[in-house]
Amino acid sequence: MTDTNSASTERFPVVVVGAGPAGLTVGNILRAAGVDCLVLENETREFIEQRPRAGVIEEWAVRGLQQRGLAKNLLERAQLHTECEFRFGGERFRFSYIELTGHHHFVYPQPLLVTDLVREYADVRGGQIRFGVRDVELHDLDTAHPSVSYISAETGQRELVECDFVAGCDGGRGVTRTALPEHAHIARYDYGVGWLALLAEAPPSNDCVVFGIHPNGFAGHMARSPQVTRYYLECPPGDDPENWSHDRVWSELQERLAATGTGPLIEGPLIEKRVLDMHSYVVEPMVFGRLFLAGDAAHLTAPIAAKGMNLALHDAFLLGDALVAYLTKGDETGLDGYSEVCLRRVWEYQDFSKWLSEVYHGTSSGDAYRAGTTFARLRRLFTSPAAAAAFAEQYLGTAAAY
Ligand code: RFL
């Protein structure tokens with residue numbers, strides 16, 4: 001039994017926990033079909049609209065947003081990325097995936113996408129959303145009458161919401177995953193490296209993404225806007241960002257990203273500096289009773305291959321459409337196949353991240369054998385058209401079937 005002090009009990013067909021890309025996309029799809037739902041978010045609207053994170057979005061994901069009326073600003077403002085560059089052994093090697101495949105990446109900062117999605121959901125499609133909620137709890141998930149309770153920011157009281165389904169979209173540190181039974185299967189992988197994730201108030205120093213493979217460690221350069229550039233520096237897992245002074249950051253970036261024919265990087269103030277421990281997990285299946293997990297709540301993909309938000313959107317399209325089919329037509333097919341269909345792409349992307357991690361980190365591992373195979377992989381990419389095509393397909397997420 002659910003025990004709350006709630007004065008009145010509300011009811012929504014779907015409660016979505018978490019207003020990230022996954023939760024807001026599910027909410028928007030439901031509202032477009034006239035299905036009521038409630039989104040519960042523990043941060044404020046201002047906070048989620050500014051939280052810096054992803055940038056790289058794959059073409060199929062943008063098409064999916066566009067088909068659902070969610071990509072207007074993105075299509076007007078996003079940059080198109082068509083090439084990337086590997087730097088190793090003091091040389092630079094361009095990889096033009098547009099030439100190879102005709103496909104490109106979109107780059108649109110995650111906070112802008114979240115801003116678009118929350119505006120469309122709450123202000124245009126009239127969706128209900130509560131910010132600043134605390135202590136969300138899920139109840140009776142293995143029955144046909146689940147419910148969700150939370151402490152309201154306005155009343156300070158525990159409120160109860162009855163529903164038919166709960167969408168667990170509360171990211172890697174959320175609570176919905178903890179509602180899984182003890183025997184739920186969670187596969188984990190620890191890469192054993194850290195990345196210092198940096199945002200610099202400095203224009204990009206190259207016209208495309210750069211991956212620096214260096215004995216000191218991996219370094220990455222990714223344009224976010226004409227004024228802001230994301231950089232990554234491999235560091236020990238659990239390292240303290242305070243160990244990385246402004247001068248140390250820029251001198252390591254300059255060294256790891258240097259190559260013949262390139263000038264020094266344009267330096268600027270560091271507006272974000274945090275250490276990410278590279279690890280991944282996959283919950284299998286992504287469903288427990290009436291709880292459907294989506295996005296990082298179900299599977300974390302270390303940002304090595306920039307896949308996490310893409311997977312979150314993929315889940316959200318499938319879950320949103322499946323809930324609409326069930327709630328408006330009684331069609332259970334989408335919900336029945338949800339976990340299996342999501343997980344095929346999830347495992348493909350996990351495998352690519354693992355492969356790419358070895359390319360990025362093998363040289364700096366201190367292990368001559370790993371360094372040797374890393375260089376073999378890199379050389380193959382630039383000498384074998386078949387290897388280049390396979391890489392491009394995984395990098396862009398364009399396989400014909402998953
Ligand atoms: P989110 O975005 O974490 O949203 C979850 C939301 O749930 C809220 N929440 C709760 N709400 C209520 N109750 C609770 N108990 C709650 N606990 C949490 C949170 O406040 C939040 O608003 O998950 P979602 O929607 O699954 O989206 C996943 C993506 O955010 C994530 O995969 C990407 O950011 C990963 N990622 C990248 N993915 C890409 O596809 N391309 C990229 O270029 C890319 N770059 C990155 C990245 C992740 C990074 N970090 C910070 C790990 C770069 C970085 C540095």
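How far is an oxygen atom of the ligand from a polar backbone atom of M309? It's 2.8 Å, which falls under polar contacts, here a pair of N or O atoms within 3.5 Å. Before I go on, this is a predicted model, where local features need pLDDT of at least 70, side-chain atom pairs count only at pLDDT 80 or more, and totals for chains, interfaces and linings use all residues. Residues are numbered from 1 along each chain as its sequence is written, and side-chain values use heavy atoms, with hydrogens and water left out.

A backbone N or O atom of A22 sits 2.9 Å from a ligand oxygen, and for a polar backbone atom of P21 the distance to a ligand oxygen is 3.2 Å. Taken alone, the ligand exposes 1000 Å², and the protein buries 92% of that (Shrake-Rupley areas, 1.4 Å probe). Helix 8 gives the most to the shell, with 4 residues; helices here are DSSP runs of H or I, at least four residues, and strands are E runs of at least two, numbered from the N terminus.

Now, R256. You'll find R256 in helix 7, residues 246-256. R256 is buried, at 4% relative accessible area, where buried means under 20% with a 1.4 Å probe, counting protein chains only. A polar atom of the R256 side chain lies 3.1 Å from the backbone oxygen of E234. R256 also touches several residues, among them H214, F218 and W244, with contact meaning heavy atoms within 4.5 Å.

Key:
Buried < 20%, exposed > 50% of the residue type's maximum accessible area, 1.4 Å probe, protein only. Polar contact = N/O pair within 3.5 Å; in protein donor to acceptor, adjacent residues only side chain to side chain. Lists of a residue's contacts leave out its neighbours within four places in sequence.
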